[in-house]
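Dear colleague,

I am passing on the structure we spoke about, and my notes on it follow below. Please read them with the coordinates open.

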Amino acid sequence: MAKLPTSVPEQEVLQGLKNPLNRRSFLRYTGAGLAASAILLAGCDDDDDSTVGNNMTEGVNLGSGDVGILNYAYALEQLEAAFYTAVVALPNFSTLFTSATERQVLTDIRNHEVAHREFFKAAITAAAPTQIIPGLTPNLPASALVSRASILATAKTFEDLGVAAYNGAGKLLTSAAFLGIAGKIVSVEARHAAEIRDMIENGTFASGPAGITGGNIVDANGLDVALTPTQVLMAAQPFVKETLNGSNLPTT
Amino acid sequence: MNIFNILKEVEKVDPEVFDRLDPRREVFKHFGGFGKKLVAAAIPLAFGSMLNKAYGQNTTSVREVLEFALKLENLEYYFYKRAADTNIFPSAAGKTAFGVIRDHEEDHVNFLRQAITGLGGAAPTTYTDANFDWTAKGLLGNATFTNYGTMLAVAQAFEDTGVRAYKGAAPALISNDAVLQAALQIHSVEARHAAHLRRMRRDMANGMAALKPWITMKDSGGLPPEFQGIYDGEEVTTQAGVNITGTFGGITIDANAASEAFDEPLTVAQVTSIVAPFLA
């Protein structure tokens with residue numbers, strides 16, 4: 001922990017209220033009575049962000065707070081579902097994938113992603129009907145669907161990205177219930193990711209380059225990738241026609 | 001005024017707020033002063049006791065969760081350590097995969113030990129191979145490391161249990177962003193392991209051709225009935241009040257798909273009961 005000066009000028013205190021502080025300085029602010037006013041402000045910080053504008057200039061605004069994170073997940077699940085739906089519907093699906101097992105795997109994954117998409121649609125509609133994002137228009141490059149290799153490569157990106165997105169978004173949620181739901185989905189995405197990676201090269205289920213970011217998919221601490229919404233949205237943007245705007249999403 | 005927002009905001013300013021409120025660390029006096037300021041700010045006195053409860057549920061449980069995870073990771077590590085050293089793999093790929101998983105479990109053990117040490121207090125518990133009973137109280141006899149099918153089945157059992165255990169623990173870590181994210185990052189690695197073990201069992205000679213990388217209903221994948229607890233509860237098809245089954249855009253999600261699409265958590269008590277036979 002960084003060593004702090006023994007006294008803190010007031011303007012630094014005000015600035016500091018916006019930044020993470022260490023324990024000692026927080027206690028000092030508490031003593032100065034400033035924390036109380038910070039708490040007052042915090043207490044007023046309710047969900048007053050009910051207007052989710054979705055126009056051409058700002059694109060599809062995912063919104064803020066827990067609903068924003070749910071919209072973020074809903075957006076990603078829409079893209080995944082659209083991709084696998086297109087794959088399984090390919091007229092040459094069974095010639096691209098000659099193994100019945102592999103066709104079953106891809107059909108299962110399609111079903112899971114459709115289930116996730118529909119879940120978020122229903123759950124957000126129930127919790128915050130005015131804040132749900134619309135259905136997105138997928139933008140799948142034709143090259144993603146031309147061969148077994150290109151389909152699996154795209155699938156790998158989607159799955160590893162999905163895992164990293166949920167891993168990074170968990171801490172942004174304030175509701176333990178939503179966190180629980182995210183946990184139920186992320187492990188299924190990880191199962192998908194492992195199987196897709198193994199279909200590309202057996203044994204790479206949890207090893208080898210991450211692809212979606214530098215380094216390996218599992219790091220030296222045995223940890224999977226976690227990415228921020230900003231990182232994930234940058235990677236996902238090419239696959240959707242609308243501009244995804246995550247600027248109001250929580251960052252802590 | 002939203003009391004939960006206040007807690008979250010306090011935590012943004014000071015991630016260690018709950019830790020600080022620990023009376024055993026002589027900061028109770030700060031808590032007292034904090035309370036006075038809250039009164040001054042016209043915040044209900046109840047907030048003080050709520051913080052106190054929040055503290056009680058957080059620092060204590062973070063350590064408990066990490067120790068619980070440490071026990072499971074040691075169980076896995078020592079299992080894979082022995083398993084990867086055997087020569088009963090029909091292919092080099094299988095042995096390599098077990099080595100990869102063993103190394104991850106060792107990484108998790110070391111990571112969790114560091115995390116527990118970082119919380120302060122007593123040192124993390126140290127485990128050895130002797131802490132574990134690979135016969136599962138005689139249930140598996142000596143087959144665990146001599147019968148390839150049994151070895152893969154035990155591995156699948158451990159991985160699917162690990163996934164459910166971390167999932168159950170995650171909400172208890174919601175107050176500690178760093179620990180929560182790390183737990184999620186371990187959780188998804190366990191899920192990758194589980195998927196690969198299931199793939200290995202599916203694809204092995206005379207294997208379980210119908211087994212999938214994901215869990216269908218509460219199917220135990222041929223594990224003995226004593227291990228059914230690993231899968232009980234996985235069959236749910238309703239999430240947060242939403243029925244997952246239905247037909248959407250011409251695609252029918254049946255109960256099997258609905259159950260596969262969501263993995264389910266286990267409580268500490270359930271996991272403890274599942275792994276009990278493997279504890280010496």
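A residue is called buried here if 20 or more other C-beta atoms lie within 10 Å of its own, exposed if 12 or fewer do, and partly exposed in between, with C-beta atoms placed from the backbone. By that criterion 47% of the 280 residues of chain B count as buried.

This is a predicted model, in which local features need pLDDT of at least 70 and side-chain atom pairs count only at pLDDT 80 or more, while totals for chains, interfaces and linings use all residues. Residues are numbered from 1 along each chain as its sequence is written, and chains are lettered from A and ligands numbered from 1 in the order in which they are written.

Chain B has 9 helices and 4 strands (DSSP runs, H or I of at least four residues and E of at least two, numbered from the N terminus), in the order α-α-α-α-α-α-α-β-β-β-β-α-α. Helix α6 of chain B (residues 148-169) has 20 of its 22 residues buried, so it is largely enclosed by the rest of the structure.

Two residues of chain B other than glycine deserve a look for their positive phi: Lys137(B), near 60°, lies in the loop between α5 and α6, and Met217(B), at about 45°, in the loop between α7 and β1.

Best wishes
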